[in-house]
Amino acid sequence: TARVTATATTAGSFSIPFTIPTADLGVHYILGRGNTSAIQAATVVNIIPAITLAPSAGHAETSTTAILRGFSANESVDVGYYKTATQRVSLVAVTASASGSASLSIAIPASVYGTHTVDARGVSSGQRATAVFAITPSLVFEPGSVEAGDQIGIAVRGFGATEMIRINLDGHNSALGAFQASYS
């Protein structure tokens, strides 16, 4: 099936953008064939793995969709997350389709503020693709409505490791408390 068609110039040439379709890992032929002359030409393209995250930023302990492409057909792919530059946590293993692709939801672990690498590793091919997820800070408290003087539980995520976090009530000059952040 033709992916694109074009009319050659009087010199017998043309140039046109071409989007590579979803395909599995490795070398694939791209063929061009004249409709009336039946003259053919071929070239090759090497498909490599890729991972895309949507969204690519958010709070720790939320989910994002990982789209994998270019892995070997029906290959097991290990998806991991780097909490630090060297501390990788394996999140999930998924089997790529016959076209070497997969789409899955992944939960982002508790992490410090900043960018973190998410990678996908083909178990049999050894091929790897990476993307970046940016952690943004969050503050959540429970319950949502309280009377003055009541206590609430506060959970913060996405601040710096061992950073001192000061909690203020908007409109009040004094801090309600200060807490030391810790991540494991």
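A salt bridge is taken here as a side-chain nitrogen of Lys or Arg within 4 Å of a carboxyl oxygen of Asp or Glu, and by this rule the count comes to five salt bridges in what is a predicted model. One of them joins Glu-61 to Arg-157, with the closest N and O atoms 2.5 Å apart. Because Glu-61 lies in the loop between strand S4 (57–59) and S5 whereas Arg-157 belongs to strand S12, this pair ties together parts that are 96 residues apart in sequence. Both partners are partly exposed, Glu-61 with a relative accessible area of 47% and Arg-157 with one of 27%.

Asp-78 likewise forms a salt bridge, in this case with Arg-88, and the closest N and O atoms of the pair are 2.9 Å apart. Asp-78 is placed in strand S6 and Arg-88 in strand S7 (residues 88–95), so the pair ties together parts that are 10 residues apart in sequence. Asp-78 counts as buried at 17% relative accessibility, while Arg-88, at 23%, counts as partly exposed. A further salt bridge is formed by Arg-121 and Asp-119, whose closest N and O atoms are 2.9 Å apart; here Asp-119 is buried, with a relative accessible area of 0%, and Arg-121 is partly exposed at 32%. Asp-78, Arg-88, Asp-119 and Arg-121 are linked, together with Arg-128, in a network of salt bridges. In general, side chains of opposite charge can pair when their charged atoms come close.

As regards the overall architecture, the chain has 14 strands and zero helices. The radius of gyration of the chain is 25 Å, well over the 16 Å that the globule rule gives for 184 residues, so the chain is more spread out than a compact globule. Along its principal axes, the C-alpha trace spans about 85 × 40 × 25 Å. Of the 184 residues, 26% count as buried, and the accessible surface comes to about 11,800 Å², of which 53% belongs to carbon and sulfur atoms. Among the contacts with a separation of 6 or more, 46% are accounted for by residues 24 or more positions apart.

The largest nonpolar core has 21 residues, and those with the most contacts inside it are Ile-51, Leu-53, Leu-68, Ile-106 and Val-118. Two or more residues are given to this core by each of strands S3 (50–54), S5 (63–69), S6 (76–82), S8 (102–107), S9 (114–122) and S10 (128–136), and the largest share, four residues, comes from S10. When residues up to four places away in sequence are not counted, Ile-106 touches Leu-53, Thr-62, Ser-63, Thr-64, Ala-66, Val-79, Leu-91, Val-92 and Val-118. In soluble globular proteins, nonpolar side chains tend to be buried together.

Nonpolar residues are also found on the surface, where Val-4, Phe-14, Ile-16, Phe-18 and Ile-20 form a patch with about 410 Å² of accessible area together. The C-alpha atoms of Ala-148 and Gly-80, which are 68 residues apart along the chain, are separated by 44 Å.

Key:
Residues numbered from 1 in each chain as written. Predicted model: local features only at pLDDT ≥ 70, side-chain atom pairs only at ≥ 80, totals over all residues. Heavy atoms only, no water. Patch = residues over 30% accessible without salt bridge, like charges linked within 9 Å, V, L, I, M, F, W, Y side chains within 5 Å. Areas by Shrake-Rupley, 256 points an atom, 1.4 Å probe, with all protein chains shown as cover. Core = buried A, V, L, I, M, F, W, Y, C linked by side-chain atoms within 4.5 Å. Buried < 20%, exposed > 50% of the residue type's maximum accessible area, 1.4 Å probe, protein only. Contact = heavy atoms within 4.5 Å. Rg over C-alpha atoms; globule rule 2.2 N^0.38 Å.
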